[in-house]
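Subject: Structure handover

Hello,

Here is the structure we discussed, ready for you to open. My notes follow below it.

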Amino acid sequence: MFNNKYWQRLFAITICAASLLAPTSVSAKKLTLLYIPLDNRPVCLDYVQQTMEAADCKIILPPVKYIASHDRNGNPEKITEWLATKAPKADAAVISTDSLLYGGLVASRTHHISRAQLNQRLQVVRNLSRVLPIRIYAFSTIMRTPKASKGRVEPAYYATLGPSIFAYSELLDKQDQGKLTTKDKEKLAALEKELPPEQLQDWLDRRRLNQAINVELTRIARQGKFHYLAIGKDDNATLSATHMEARQLSLITFEVPATKLQIVDGVDQLGLLLLVRAYNEVLGLAPRIYPLYSPGVGPGTLPQFSDARLQDSVPQQIIASGARLAPSAQQADLVLALNTPPDGVVKDSTADENQFFASAANKKFVGTLGQLLRSNTPVSLADISYSNGADNGFMDLLARSPYADRLVAYNGWNTADNAVGYAIAQGLLAPVMTEKQRSMLLRQRLIDDWYYQSNARRKVSNELDKHNREEMKYELLQAQQPVLSFVTGECQRMAKRYAWTKGSQFELSFPWDRLFEVNVEIKK
């Protein structure tokens, strides 16, 4: 199926002797990669491990009890102890510094850890290159600035103060750029008076502390103690505290090459993206990727929860994966197809507009993809017309086309940046997977991102809204089993409708006891 020079080389490498590798001495066919995830959500742990193992990599993980979950923070000290015994057995390491410093992603937003204790943990991070005599790929996060948030993933006060804090952060960003108008100054003063001082100070103190830690991480990267460092921008906007802090970090790291340090849009995809980067670099590979956009605004699209247009963020993630931009589809090793809204306006997948009707742009893009797939061009699809799920009209049309099952990968989950990162990573690894493994990963994402996120979740969410039970979206509790039974039935019904999932057997679960994510385990 894959006949270009890059894939021929990759196939050759996987059967070569260890002497062909640089700088490691292990067989390329069975790379061993150590991985410390942000937390135990499927997109950070299970799906990542399954993807890399499908590419015949061995993934070494800390004991699950040390990794952050929905009801506990991770244990940085125990992971550090574990590293000392496991590290030498790997060829490269991909490490979430949030896990080693705060105890996970949620902990990075809610902690009350002193600067003194963080300095001690930072020293551990600084000394990682001694403990791990291998390539270290680290990733950190800039604390997010959501417009609103519920469900214990922010300080409790954010549930009510979130919109005001976000508005306040917009003005902080403008102030930092010297762009405050007289009206802005009045609004800033009003917000400072309106927001409870204790809660506002708590939020500001944590942001400043986390930013100071990120500055230290960039210094560690400059000293060459990381082979590569990615700093991810979690949910944010073009005016927000996250955008401001990213700009400040960019100003102090502008001279560091992107091969060593990048500030990247999105966070949850970084574990997999950096594992693929390690895979490519250990094997001496530099694949070429061509981004192909659907008709309309395309690369000019500004996704929800992002401060960067796709024309800037997509090349950034391609570089982060260890790949390069290709000038055309014909010169690419992988075509990254991006389904975007024609008008550039991104909405959530639960929006009323997300119906099973294909637009003119959908039809044209499906036709373009059909031509590529018919010619056996490797195509990985990032379905990012909507946030948090698939485009029903586009996917229904694509699923009924004769070459849809030739996609090497599909992703449409969470933010556009998350989906793009996964689409790049799974797309690059797909040709070294067996057909069974590739199909399993493809069906897993279709069931999760399309059948569940855009349809089953949407129905449950609408019902909860009707009955004024919105809080159950964030904590299912005793409703988990009946909701799980309902969404499983909905996903099974859709799976039977389309050829690429017909006959699939799978189980769903709610690992974080909330509607937002589901774990899909393919049984057959």
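Leu283 counts as buried, because its relative accessibility is 4% and the cut-off for buried is under 20%. Please keep in mind throughout that this is a predicted model. Leu283 sits in the loop between helix H12 (270-282) and E7. Its C-alpha lies 9.2 Å from that of Leu31, although Leu283 and Leu31 are 252 residues apart in sequence.

**Helix H12**

H12 is largely enclosed by the rest of the structure, because twelve of its 13 residues are buried. Among them are Leu270, Leu272, Leu273, Leu274 and Leu275. Arg277 and Asn280 are also on the buried list, as are Tyr279 and Val282. Just after H12, Gly284 has a positive phi of about 70°.

**Helix H8**

H8 covers residues 158-176. A straight helix of 19 residues would span 27 Å at 1.5 Å a residue, but the end C-alpha atoms of H8 span only 23 Å. H8 also has a kink of about 30°, centred on Ser164.

Ser164 is one of the buried residues of H8. Others include Tyr158, Leu161, Phe166, Tyr168 and Asp173. What do the buried residues of H8 pack against? Their partners are helix H9 (182-194), helix H10 (197-222) and helix H11 (241-253). Gly178 follows H8 and has a positive phi, near 70°.

**Strand E1**

E1 runs over residues 32-36, and five of its five residues are buried, so E1 is largely enclosed by the rest of the structure. Both faces are covered. Thr32, Leu34 and Ile36 are buried on one side, and Leu33 and Tyr35 are buried on the other.

E1 pairs with strand E2 (residues 58-60) in the parallel sense, over three bridges. Leu34 has Ile60 as its bridge partner in E2.

Thr32 belongs to E1. Its relative accessible area is 12%, so Thr32 is buried. Leaving out residues up to four places away in sequence, Thr32 touches Lys58, Ile60, Lys89, Ala90, Asp91 and Ala92.

**The five-stranded sheet**

Another sheet is worth a look. Five strands form an open sheet in the order E8-E7-E9-E11-E13, with parallel pairing. Its edge strands are E8 (324-325) and E13 (409-411), each of which pairs on one side only. E7 and E8 pair in the parallel sense over two bridges.

Two residues stand out here. Phe305 and Ser306 are both in the loop between E7 and H13. E7 covers 288-293 and helix H13 covers 310-320.

Phe305 has a phi near 65°, a positive value in a residue other than glycine. Most residues other than glycine have a negative phi. Phe305 is partly exposed, with a relative accessible area of 34%.

Is Ser306 buried or exposed? Ser306 is buried, with a relative accessible area of 4%. Its side chain reaches the backbone nitrogen of Ala308 at 3.2 Å. A polar contact of 3.5 Å also joins the side chains of Ser306 and Asp417. Not counting residues up to four places away in sequence, Ser306 touches Asn236, Ala237, Thr238, Asp265 and Asp417.

**Another positive phi**

Asn376 also has a positive phi, near 65°, and is not a glycine. Asn376 lies in the loop between helix H14 (360-374) and strand E11 (379-383). Asn376 is partly exposed, at 28% relative accessible area.

**Cysteines**

How many disulfides does a search of the whole structure find? The search finds zero. Cys57 is buried, with a relative accessible area of 2%. Cys491 is buried too, at 0%.

Best wishes

How values were computed. Residues numbered from 1 in each chain as written. Predicted model: local features only at pLDDT ≥ 70, side-chain atom pairs only at ≥ 80, totals over all residues. Heavy atoms only, no water. Helix = DSSP H or I, 4+ residues; strand = E, 2+ residues; numbered from the N terminus. Expected span 1.5 Å × (residues − 1). Bend = angle between axes of the 7 residues up to and from the residue. Buried < 20%, exposed > 50% of the residue type's maximum accessible area, 1.4 Å probe, protein only. Contact = heavy atoms within 4.5 Å. Polar contact = N/O pair within 3.5 Å; in protein donor to acceptor, adjacent residues only side chain to side chain. Disulfide = S-S within 2.5 Å. Pairing = 2+ DSSP bridges.
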